[in-house]
Amino acid sequence: MPVEGTRRIDENRIEVPKDYKPGMRTNGIIFVDEELEKELEKGSVDQVANVATLPGIVGSSLAMPDVHTGYGFSIGGVAAFDIEEGIISPGGVGYDINCGVRLLRSNLTKEEVLPKIKELVNALYNEIPTGVGSKGKIRLSPDDEKELLRKGARWAVENGFGEASDLERIESGGCIEGADPSVISEKAYERGRAQQGTLGSGNHFLEVQYVDEIYDEKIATQLGLFKGQITVMIHTGSRGFGHQVCTDFLKVMEKAARKYGIELPDKELACAPFNSPEAQDYLAAMRAAANYAWANRQCLMHWTKECFLKVFNISPRELGLTLIYDVAHNIAKIEEHIVNGKKRKLVVHRKGATRAFPPGHPELPAIYRNIGQPVIIPGDMGRYSYLLIGTEKAMEETFGSTCHGAGRLLSRHQAIKLAKGRSISREMEDRGIIVRSAGRETLAEEMSEAYKDVSNVVEVVHRAGISKKVARLHPIGVIKG
């Protein structure tokens with residue numbers, strides 16, 4: 001049933017009008033078709049409306065088709081704020097700062113990998129630390145950690161994890177300038193010191209896949225993709241470090257909102273004026289956490305490559321495991337956008353949403369400037385994931401943003417209850433997917449029924465024109481925390 005007070009604009013969008021809730025400065029727009037609208041929670045619609053009350057919001061308060069209720073902003077939420085009159089809010093980024101995903105291509109085919117898939121999954125699981133509180137193989141001194149926070153993936157490459165050429169295939173080159181290690185709490189440093197180079201738990205994963213469908217042959221070819229090809233997707237973020245940064249600054253922002261007289265419909269939207277000292281400190285800390293996450297995914301890619309080389313006993317050249325792209329989907333970034341015909345500098349919050357910049361955008365690496373930015377959309381571990389490409393329409397309608405995944409349907413508790421008495425790993429193996437996990441509960445939380453069908457989510461953004469389908473990827477091996 002449609003949420004009362006909303007109205008359908010077209011087949012892909014509904015509006016949350018300005019009169020939906022007192023104090024709204026603008027409307028909300030949620031990208032959902034009629035099928036996904038049936039799964040829409042009133043709580044996430046309310047959160048879209050709450051964001052529309054914040055000072056300095058520009059354009060509409062937006063949500064993508066994978067939307068579900070989150071902390072402060074809905075997960076799937078996008079909102080842009082003027083840097084003179086607007087705010088910045090940790091609730092618009094989330095606890096797992098720069099949770100994101102990277103996609104690797106290889107020269108291997110499904111037929112070559114399937115006979116060794118169990119061996120490969122076991123090797124990856126043994127090599128890559130997973131699970132709650134997992135500790136990595138990298139030991140950072142205080143000076144090392146500060147350098148990593150400033151340099152991001154560049155630090156990883158300089159320390160032997162990958163190639164310099166990887167950096168041009170990472171959003172922002174794998175490093176946001178302006179990170180300030182001095183604003184980070186000792187507790188965040190403690191949590192981050194042993195977790196660099198770890199996958200973590202929950203919905204984080206490393207997945208071996210094959211290309212089972214190509215929708216745009218020309219772009220797929222330029223990205224080095226072909227049907228039946230093995231790809232690898234890595235989904236993780238800034239681990240306990242980013243979580244602690246968010247926790248620390250939520251307290252700061254709660255005081256700041258009172259100090260600056262900002263009325264909040266929900267205290268989880270605690271924020272500060274963008275130009276305030278509190279906001280600038282958060283921005284510097286958030287950038288440090290984002291850089292931590294990019295270094296993390298870079299290290300994990302390096303060990304993934306080592307596992308493939310060992311299991312298949314081939315040369316790096318024969319393997320051809322290279323990075324297609326790495327995107328952030330929990331971040332706030334300062335960007336230039338055209339608003340009412342004028343170029344404006346905005347701080348764009350994407351919380352469970354992915355950047356989708358079009359061909360010709362100056363922030364894109366030269367190798368992709370003629371086709372647009374690769375957009376990586378993971379699904380659940382039992383169905384599909386997608387590779388899309390950014391479009392001009394995304395710049396016009398969503399501040400260059402699109403969805404980030406399938407979106408949860410069930411809470412973790414509901415999923416565990418539904419899985420009682422079942423062996424999810426056996427069910428997955430029966431479907432041709434080998435799974436290793438640190439705990440049975442993780443598999444229950446992450447089973448397919450806990451998520452929306454990512455194909456439906458992707459169809460909405462494709463039809464709406466805010467990103468365009470390039471290829472579909474099917475899992476054959478998964479490691480989870």
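Mentor: Buried means under 20% relative accessible area, exposed over 50%, and partly exposed in between, with a 1.4 Å probe and protein chains only. This is a predicted model, in which local features need pLDDT of at least 70, side-chain atom pairs count only at pLDDT 80 or more, and totals for chains, interfaces and linings use all residues. Residues are numbered from 1 along each chain as its sequence is written, and side-chain values use heavy atoms, without hydrogens and water.

Trainee: Which residues of α2 are buried?

Mentor: Helices (H or I, at least four residues) and strands (E, at least two) are DSSP runs, numbered from the N terminus. Helix α2 (residues 42-51) has eight of its 10 residues buried, so it is largely enclosed by the rest of the structure. The buried residues are S44, V45, D46, Q47, V48, A49, N50 and V51.

Trainee: How are α7 and α9 oriented to each other, roughly parallel or roughly antiparallel?

Mentor: The axes, lines fitted to C-alpha atoms over the stretch in contact (heavy atoms within 4.5 Å), come within 7 Å for helix α7 (residues 186-193) and helix α9 (residues 239-259) and cross at roughly 165°. Angles run from 0 to 180 degrees between N-to-C directions, and those over 145 count as roughly antiparallel, under 35 as roughly parallel. Therefore α7 and α9 are roughly antiparallel.

Conventions
Angles under 35 degrees count as roughly parallel, over 145 as roughly antiparallel, 65 to 115 as roughly perpendicular and the rest as oblique.
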